[in-house]
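Colleague: I am new to this structure and would like to learn how to read its sheets and helices. Please show it to me, and then we can go through some features in turn.

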Amino acid sequence: MSYTIPYNLYLDVNTPDLEEHCQIAGKMFKFSQKTQFQALRSVLSNLFIAKDRRVMARRKRESLGDNVTNPMGIGYLARNTSVDRLEKAGFIEVEKGDYLEGKETTIVATEKLKDWFKTTGWSKEKLTNRINGYVLVRGSRRQPVSFKHTDYSKWVEEKLKDYNRLINQQDISIEINGERMTYDLSPITRPFIKHNIKGMEKLENKDFMFGGRIYGPWASASGNDRKTILINGEETIEIDRTASHINAMYQFVPGSQYQYGDPYHLEIDGVVIPRFIVKKYSSLMQGSKPGYQSTAMRVTRSFREDAEKKNAKQSDIDNYQIFLEWKKRYTPTKIIDSFLLKHSNISDYYRSGKAWGDAISCWESDIMFEVLVDLTDKGIPSLSVYDSVIVQKRHKDYVEKIINTMAYQDRKHLRDILLVVNKDGIS
């Protein structure tokens with residue numbers, strides 16, 4: 001079983017011979033429209049780069065993006081048709097997704113397609129990345145939307161160019177089931193989330209206030225598999241930010257990290273609540289609706305889904321049972337109230353709806369981006385995984401020094417505005 005990589009909408013062939021071979025294949029599939037041939041080139045390019053790895057190829061009936069995020073103008077229907085024809089011809093295997101398991105449909109090349117690639121002379125040098133930008137903005141349905149660049153987004157764009165340039169100069173590989181494979185890197189972008197902001201429509205950086213997490217292809221590998229990643233043949237280490245989400249809130253609001261030990265340590269009537277339960281409540285209160293019911297339902301559902309999913313970890317099964325036992329002793333209301341009393345400085349930002357949840361995520365991603373910028377400026381290749389980074393072991397001491405001390409930089413000039421706005425002003 002190989003690891004899964006995201007679909008790259010920027011990949012295309014760039015030589016007449018490959019264009020001709022794709023044209024012949026398209027005619028064999030009875031294609032007649034230009035968009036169908038473009039989609040076929042895109043699918044084949046992704047499969048060639050992926051080698052033995054599975055490629056995400058969601059079949060949802062929705063736009064694949066605008067001319068920035070989808071420069072070839074590929075439609076979901078043409079791409080789905082290409083996938084279907086390739087599967088019918090025996091060139092690929094399709095593994096259907098499962099919504100309940102959070103699993104997306106993936107495709108992988110068969111030996112028949114690999115032989116075709118060899119016969120027709122495919123090579124990485126004959127492909128191109130049609131990248132038009134490293135900053136993206138997605139709408140409420142995760143579809144890319146148009147946006148206007150600002151000084152801030154231009155700064156992010158330049159820093160991501162530097163980051164991509166450094167990463168693409170490295171040999172980065174991972175071992176899956178005893179087989180070592182090299183990453184052929186897709187452009188690493190930073191996608192923000194667009195929300196309608198009541199009373200803030202004229203803010204210059206309104207499109208860059210939410211989300212913003214960087215997703216590299218290594219993030220889809222399991223934690224154990226990521227331990228096998230080599231950068232230029234050197235062993236690596238993954239270093240996490242301590243209590244990343246909640247500390248980001250403290251860094252944005254009061255201006256410094258939580259100063260009184262473990263922010264997830266919670267006692268009620270002298271009894272210590274298991275840390276994993278407290279952490280789950282803290283995480284899911286960010287973005288919950290006001291009141292108690294939304295958070296309580298999200299927490300219970302999250303524990304249950306982790307325990308009941310296919311091939312669930314024993315630890316997830318055990319944690320669900322432990323959670324149910326503790327739930328009998330201390331109601332969600334009691335745990336929530338006790339936690340918010342402990343963190344009264346930031347309590348107003350919990351349970352304030354999805355937009356505020358995405359805003360908090362952006363505070364964290366802004367800090368992590370500053371870490372990546374610092375490491376890139378020093379020539380240290382780093383692989384971002386949500387609230388952690390993977391670096392060569394020789395850089396361990398330096399990264400541990402900065403990852404928890406990196407300050408929030410208000411480059412968007414939003415802190416004063418967001419700290420005074422009524423939480424109901426964002427919708």
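Colleague: In what order do the 4 strands of the open sheet stand?

Modeller: This is a predicted model, in which local features need pLDDT of at least 70 and side-chain atom pairs count only at pLDDT 80 or more, while totals for chains, interfaces and linings use all residues. Residues are numbered from 1 along each chain as its sequence is written, and side-chain values use heavy atoms, with hydrogens and water left out. As a general idea, strands of a sheet pair through backbone hydrogen bonds, either parallel or antiparallel. Here the order is E1-E3-E5-E4, and the pairing is mixed. Strand E1 (4-5) and strand E4 (92-95) are the edges; each has a single partner strand, so one side of each is left without a neighbour in the sheet. Helices (H or I, at least four residues) and strands (E, at least two) are DSSP runs, numbered from the N terminus, and two strands pair if DSSP finds at least two bridges between them.

Colleague: How many bridges join E1 to strand E3?

Modeller: E1 and E3 (residues 54-56) run parallel and are joined by 2 bridges. In one of these places, Thr4 has Arg54 in E3 as its bridge partner.

Colleague: Which strands does helix H2 lie across?

Modeller: H2 lies across E1, E3, E4 and strand E5 (106-109), at about 70° to E5. Helix H3 lies across E4 and E5, at about 120° to E4. Axes are lines fitted to C-alpha atoms, for helices over the stretch in contact, and angles run from 0 to 180 degrees between N-to-C directions. Contact means heavy atoms within 4.5 Å.

Colleague: At what angle do the axes of H2 and H3 cross?

Modeller: Two packed helices are described by the angle between their axes and the distance between the axes. The axes of H2 (residues 34-50) and H3 (residues 76-88) cross at roughly 60° and come within 8 Å. That makes H2 oblique to H3; angles under 35 degrees count as roughly parallel, over 145 as roughly antiparallel, 65 to 115 as roughly perpendicular and the rest as oblique. On the H2 side the contact includes Leu40, Val43 and Leu47, and on the H3 side it includes Ala78, Val83 and Leu86.

Colleague: How do H1 and H2 stand to each other?

Modeller: The axes of helix H1 (residues 16-28) and H2 come within 10 Å and cross at roughly 115°. H1 and H2 are therefore roughly perpendicular. Residues that meet include Cys22 and Ala25 in H1, and Phe37 and Leu44 in H2.

Colleague: What is the order of the open sheet of 6 strands?

Modeller: The order is E9-E8-E11-E12-E16-E15, with antiparallel pairing. Strand E9 (179-182) and E15 stand at the edges, each with a single partner strand, so one side of each has no neighbour in the sheet. Helix H13 (residues 396-403) packs on this sheet and touches E12 and E16; the direction of H13 makes about 15° with that of E12.

Colleague: Is strand E16 buried or exposed?

Modeller: In E16 (residues 388-392), 5 of the 5 residues are buried, so E16 is largely enclosed by the rest of the structure. Buried means under 20% relative accessible area, exposed over 50%, and partly exposed in between (1.4 Å probe, protein chains only).

Colleague: Which strands pair with E16?

Modeller: Strand E12 (residues 234-240) pairs with E16 in the antiparallel sense over 5 bridges, and Ile239 has Val389 as its bridge partner. Strand E15 (residues 383-385) pairs with E16 over 3 bridges, also antiparallel, and Leu383 stands opposite Ile390. E15 and E16 form a hairpin with 2 residues between them, and Tyr386 in the turn has a positive phi of about 60°.
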